[in-house]
Amino acid sequence: RSGRSAALRARMEERLLGARFRYLNQQLYTGSSQDAARLFRADPATFHLYHRGFERQVRRWPERPVQRIVRYLRRRPASLVVADFGCGDCTLAASVRNQVHCFDLVPLSPRVTVCDMAKVPLAAESVDVAVFCLALMGTNLQEILGEANRVLKLGGTLMVAEVASRFEDTRAFLKAMTQLGFRTVSKDLSSSYFYLLEFAKTGPARPGPAPGLRLRPCLYKRR
Ligand code: SAH
(Lines give C-alpha, C1' and ligand atoms only; values in the text may rest on other atoms or scores of the structure.)
Protein backbone atom coordinates (compact mmCIF):
# COMPACT_ATOMS: atom_id res chain seq x y z
CA ARG A 1 0.00 0.00 0.00
CA SER A 2 2.63 2.53 1.05
CA GLY A 3 4.58 1.54 -2.06
CA ARG A 4 1.60 2.42 -4.20
CA SER A 5 1.01 5.79 -2.59
CA ALA A 6 4.69 6.65 -2.87
CA ALA A 7 4.53 5.82 -6.56
CA LEU A 8 1.41 7.94 -6.93
CA ARG A 9 3.05 10.86 -5.17
CA ALA A 10 6.13 10.55 -7.36
CA ARG A 11 3.94 10.59 -10.45
CA MET A 12 2.09 13.68 -9.27
CA GLU A 13 5.36 15.46 -8.55
CA GLU A 14 6.58 14.63 -12.03
CA ARG A 15 3.41 16.08 -13.50
CA LEU A 16 3.67 19.24 -11.47
CA LEU A 17 7.30 19.64 -12.44
CA GLY A 18 6.33 19.15 -16.06
CA ALA A 19 3.58 21.75 -15.87
CA ARG A 20 5.76 24.33 -14.13
CA PHE A 21 8.55 23.71 -16.62
CA ARG A 22 6.23 24.25 -19.59
CA TYR A 23 4.88 27.45 -18.05
CA LEU A 24 8.37 28.83 -17.41
CA ASN A 25 9.56 27.76 -20.79
CA GLN A 26 6.72 29.69 -22.37
CA GLN A 27 7.62 32.80 -20.36
CA LEU A 28 11.20 32.56 -21.57
CA TYR A 29 10.28 32.27 -25.23
CA THR A 30 7.62 34.96 -25.25
CA GLY A 31 9.46 37.66 -23.28
CA SER A 32 12.68 39.57 -23.76
CA SER A 33 16.01 38.48 -22.31
CA GLN A 34 15.64 41.30 -19.78
CA ASP A 35 12.33 39.80 -18.63
CA ALA A 36 14.03 36.43 -18.23
CA ALA A 37 16.80 38.02 -16.17
CA ARG A 38 14.25 39.64 -13.87
CA LEU A 39 12.33 36.40 -13.51
CA PHE A 40 15.35 34.38 -12.50
CA ARG A 41 16.77 37.05 -10.23
CA ALA A 42 13.48 37.25 -8.37
CA ASP A 43 13.25 33.50 -7.98
CA PRO A 44 16.45 31.47 -8.41
CA ALA A 45 14.63 28.25 -7.53
CA THR A 46 12.71 28.72 -10.75
CA PHE A 47 15.92 28.39 -12.63
CA HIS A 48 16.77 25.01 -11.15
CA LEU A 49 13.30 23.82 -11.95
CA TYR A 50 13.75 25.04 -15.50
CA HIS A 51 16.96 23.12 -15.84
CA ARG A 52 15.53 19.87 -14.56
CA GLY A 53 12.76 20.18 -17.11
CA PHE A 54 15.22 21.07 -19.87
CA GLU A 55 17.36 18.03 -19.07
CA ARG A 56 14.34 15.77 -19.21
CA GLN A 57 13.43 17.07 -22.65
CA VAL A 58 16.88 16.88 -24.20
CA ARG A 59 17.55 13.40 -22.84
CA ARG A 60 14.92 12.12 -25.26
CA TRP A 61 16.84 13.41 -28.26
CA PRO A 62 19.12 11.10 -30.25
CA GLU A 63 22.02 13.54 -29.88
CA ARG A 64 22.67 16.56 -27.69
CA PRO A 65 23.35 19.66 -29.77
CA VAL A 66 26.13 20.75 -27.42
CA GLN A 67 28.05 17.59 -28.38
CA ARG A 68 28.06 18.78 -31.99
CA ILE A 69 29.59 22.06 -30.89
CA VAL A 70 32.17 20.20 -28.82
CA ARG A 71 33.13 18.14 -31.89
CA TYR A 72 33.34 21.29 -33.99
CA LEU A 73 35.66 23.03 -31.51
CA ARG A 74 37.90 19.99 -31.16
CA ARG A 75 38.59 20.15 -34.90
CA ARG A 76 39.75 23.75 -34.60
CA PRO A 77 42.73 25.25 -32.72
CA ALA A 78 42.42 25.14 -28.94
CA SER A 79 43.80 28.69 -28.87
CA LEU A 80 40.47 30.09 -30.06
CA VAL A 81 38.64 32.04 -27.36
CA VAL A 82 34.99 31.07 -27.00
CA ALA A 83 31.93 32.80 -25.52
CA ASP A 84 29.04 30.47 -24.59
CA PHE A 85 25.80 32.47 -24.38
CA GLY A 86 23.28 30.64 -22.17
CA CYS A 87 25.82 28.01 -21.15
CA GLY A 88 23.58 26.06 -18.76
CA ASP A 89 25.72 23.58 -16.83
CA CYS A 90 28.91 24.48 -18.80
CA THR A 91 29.17 21.15 -20.60
CA LEU A 92 30.89 22.97 -23.46
CA ALA A 93 33.58 24.57 -21.28
CA ALA A 94 34.16 21.26 -19.51
CA SER A 95 34.61 19.37 -22.79
CA VAL A 96 37.16 21.47 -24.71
CA ARG A 97 40.63 22.88 -24.07
CA ASN A 98 39.75 26.38 -25.27
CA GLN A 99 39.26 29.31 -22.96
CA VAL A 100 35.45 29.54 -22.70
CA HIS A 101 33.58 32.50 -21.21
CA CYS A 102 30.36 31.08 -19.80
CA PHE A 103 27.29 33.30 -19.48
CA ASP A 104 23.97 32.44 -17.93
CA LEU A 105 21.37 33.97 -15.66
CA VAL A 106 22.03 31.84 -12.62
CA PRO A 107 25.19 29.83 -11.97
CA LEU A 108 24.75 26.07 -12.33
CA SER A 109 28.55 25.89 -12.21
CA PRO A 110 31.25 28.09 -10.65
CA ARG A 111 32.49 28.85 -14.17
CA VAL A 112 29.38 30.87 -14.98
CA THR A 113 29.41 34.65 -15.17
CA VAL A 114 25.89 35.69 -14.27
CA CYS A 115 24.48 38.22 -16.72
CA ASP A 116 21.84 38.81 -19.34
CA MET A 117 23.20 37.54 -22.64
CA ALA A 118 22.15 40.82 -24.29
CA LYS A 119 24.89 42.55 -22.30
CA VAL A 120 27.96 40.46 -21.52
CA PRO A 121 31.04 41.81 -19.74
CA LEU A 122 33.49 41.29 -22.62
CA ALA A 123 35.42 43.84 -24.64
CA ALA A 124 34.49 44.44 -28.25
CA GLU A 125 36.16 42.07 -30.77
CA SER A 126 37.67 39.89 -28.06
CA VAL A 127 36.45 36.39 -28.95
CA ASP A 128 36.92 34.01 -31.87
CA VAL A 129 33.80 31.88 -31.46
CA ALA A 130 30.38 32.79 -30.05
CA VAL A 131 27.97 29.95 -29.25
CA PHE A 132 24.19 29.88 -28.75
CA CYS A 133 23.24 26.29 -28.09
CA LEU A 134 19.45 26.11 -27.61
CA ALA A 135 19.81 29.51 -26.00
CA LEU A 136 18.16 32.00 -28.38
CA MET A 137 15.20 32.30 -26.08
CA GLY A 138 14.38 36.00 -25.74
CA THR A 139 12.21 37.89 -28.21
CA ASN A 140 14.94 40.55 -28.54
CA LEU A 141 16.92 38.36 -30.93
CA GLN A 142 18.40 41.29 -32.79
CA GLU A 143 19.82 42.79 -29.62
CA ILE A 144 21.21 39.43 -28.45
CA LEU A 145 22.84 38.61 -31.78
CA GLY A 146 24.08 42.21 -31.97
CA GLU A 147 25.89 41.59 -28.70
CA ALA A 148 27.50 38.47 -30.16
CA ASN A 149 28.57 40.56 -33.15
CA ARG A 150 30.09 43.18 -30.86
CA VAL A 151 32.29 40.74 -28.92
CA LEU A 152 33.36 38.72 -31.99
CA LYS A 153 36.51 39.52 -33.92
CA LEU A 154 36.12 40.22 -37.61
CA GLY A 155 35.98 36.85 -39.37
CA GLY A 156 35.08 35.16 -36.07
CA THR A 157 32.59 32.31 -35.92
CA LEU A 158 29.03 32.32 -34.65
CA MET A 159 27.55 28.86 -33.96
CA VAL A 160 23.82 28.51 -33.46
CA ALA A 161 22.12 25.23 -32.54
CA GLU A 162 18.39 25.71 -32.34
CA VAL A 163 15.24 23.60 -32.28
CA ALA A 164 14.25 22.87 -35.91
CA SER A 165 10.57 23.61 -35.48
CA ARG A 166 11.34 27.16 -34.33
CA PHE A 167 12.33 28.23 -37.84
CA GLU A 168 9.37 29.62 -39.76
CA ASP A 169 11.36 30.65 -42.80
CA THR A 170 15.00 29.61 -42.70
CA ARG A 171 15.97 31.55 -45.83
CA ALA A 172 14.50 34.77 -44.45
CA PHE A 173 16.30 34.11 -41.18
CA LEU A 174 19.65 33.66 -42.90
CA LYS A 175 19.04 36.77 -44.98
CA ALA A 176 18.34 38.78 -41.84
CA MET A 177 21.59 37.45 -40.40
CA THR A 178 23.53 39.09 -43.23
CA GLN A 179 22.11 42.41 -42.07
CA LEU A 180 23.35 41.64 -38.59
CA GLY A 181 26.85 41.22 -40.02
CA PHE A 182 26.94 37.43 -40.39
CA ARG A 183 27.61 35.37 -43.50
CA THR A 184 26.38 31.76 -43.54
CA VAL A 185 29.33 29.37 -43.67
CA SER A 186 27.51 26.08 -43.25
CA LYS A 187 24.10 24.83 -42.28
CA ASP A 188 23.06 21.38 -41.18
CA LEU A 189 19.29 21.10 -41.43
CA SER A 190 19.30 17.30 -41.54
CA SER A 191 18.12 16.61 -38.01
CA SER A 192 14.43 16.91 -37.28
CA TYR A 193 15.35 17.96 -33.73
CA PHE A 194 17.76 20.83 -34.20
CA TYR A 195 19.49 22.88 -36.86
CA LEU A 196 23.16 23.67 -36.65
CA LEU A 197 24.18 26.95 -38.30
CA GLU A 198 27.66 28.34 -38.67
CA PHE A 199 28.25 31.99 -39.51
CA ALA A 200 31.27 34.25 -39.94
CA LYS A 201 31.28 37.87 -38.84
CA THR A 202 31.62 40.11 -41.89
CA GLY A 203 31.43 43.43 -40.06
CA PRO A 204 29.34 45.30 -37.53
CA ALA A 205 25.56 44.78 -37.42
CA ARG A 206 23.71 47.27 -39.59
CA PRO A 207 21.00 49.12 -37.70
CA GLY A 208 17.35 49.05 -38.73
CA PRO A 209 14.67 46.36 -38.71
CA ALA A 210 15.55 42.80 -39.73
CA PRO A 211 12.08 41.41 -40.41
CA GLY A 212 13.14 37.83 -41.22
CA LEU A 213 14.80 37.48 -37.84
CA ARG A 214 12.07 35.50 -36.19
CA LEU A 215 11.89 32.22 -34.37
CA ARG A 216 8.77 30.55 -33.10
CA PRO A 217 8.63 29.95 -29.38
CA CYS A 218 9.60 26.42 -28.50
CA LEU A 219 6.62 25.08 -26.62
CA TYR A 220 6.87 21.56 -25.33
CA LYS A 221 3.87 19.31 -25.41
CA ARG A 222 2.47 17.73 -22.35
CA ARG A 223 3.44 14.07 -22.21
N1 SAH B 1 23.62 25.76 -23.84
C2 SAH B 1 23.20 24.80 -22.82
C3 SAH B 1 21.91 25.21 -22.10
C4 SAH B 1 20.72 25.46 -22.99
S5 SAH B 1 19.25 25.86 -22.06
C6 SAH B 1 23.05 23.43 -23.44
O7 SAH B 1 23.01 23.33 -24.66
O8 SAH B 1 22.96 22.45 -22.70
C9 SAH B 1 19.18 27.62 -22.34
C10 SAH B 1 20.00 28.39 -21.34
O11 SAH B 1 19.91 29.78 -21.65
C12 SAH B 1 19.50 28.24 -19.93
O13 SAH B 1 20.57 27.85 -19.10
C14 SAH B 1 18.98 29.60 -19.57
O15 SAH B 1 19.14 29.91 -18.21
C16 SAH B 1 19.84 30.49 -20.44
N17 SAH B 1 19.26 31.81 -20.67
C18 SAH B 1 18.00 32.11 -21.04
N19 SAH B 1 17.82 33.43 -21.14
C20 SAH B 1 19.02 34.00 -20.84
C21 SAH B 1 19.47 35.36 -20.75
N22 SAH B 1 18.66 36.38 -21.01
N23 SAH B 1 20.76 35.58 -20.41
C24 SAH B 1 21.60 34.54 -20.13
N25 SAH B 1 21.22 33.23 -20.19
C26 SAH B 1 19.95 32.97 -20.52
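Visitor: Which residues is Ser-109 in contact with, leaving aside its neighbours within four places in sequence?
Guide: Asp-89 and Cys-90. Bear in mind that this is a predicted model.

Visitor: What lies 3.0 Å from a polar atom of the Ser-109 side chain?
Guide: The backbone nitrogen of Arg-111.

Visitor: Switching to the whole protein. How many helices and strands?
Guide: Seven helices and seven strands. Along the sequence the pattern reads α-α-α-α-β-α-β-β-β-α-β-α-β-β.

Visitor: Why call it as compact as a globular protein of that length?
Guide: Because its radius of gyration is 18 Å, close to the 17 Å that the globule rule gives for 223 residues.

Visitor: What box do the C-alpha atoms fill?
Guide: Roughly 65 × 35 × 35 Å, along the principal axes.

Visitor: How much of the protein is buried?
Guide: Buried residues are 51% of the 223.

Visitor: What about contacts between residues 24 or more positions apart?
Guide: They account for 68% of the contacts with a separation of 6 or more.

Visitor: Now the surface. What does the accessible area come to?
Guide: About 11700 Å². Carbon and sulfur atoms hold 51% of that.

Visitor: How many positive and negative side chains?
Guide: The protein has 36 positive and 19 negative ones. The centres of the two sets lie 6 Å apart.

Methods. Residues are numbered from 1 along each chain as its sequence is written. This is a predicted model: local features need pLDDT of at least 70, side-chain atom pairs count only at pLDDT 80 or more; totals for chains, interfaces and linings use all residues. Side-chain values use heavy atoms; hydrogens and water are left out. Helices (H or I, at least four residues) and strands (E, at least two) are DSSP runs, numbered from the N terminus. The radius of gyration is taken over C-alpha atoms; the globule rule is 2.2 Å times the number of residues to the power 0.38. Buried means under 20% relative accessible area, exposed over 50%, partly exposed in between (1.4 Å probe, protein chains only). Contact means heavy atoms within 4.5 Å. Accessible areas come from the Shrake-Rupley method with a 1.4 Å probe; for residues, only the protein chains shown count as cover. Lys and Arg count as positive and Asp and Glu as negative; His and the chain ends are not counted. The place of a charge is taken as NZ of Lys, CZ of Arg, CG of Asp or CD of Glu. A polar contact is a pair of N or O atoms within 3.5 Å; within protein, one must be able to donate a hydrogen and the other to accept it, and residues adjacent in sequence count only if both atoms are side-chain atoms.
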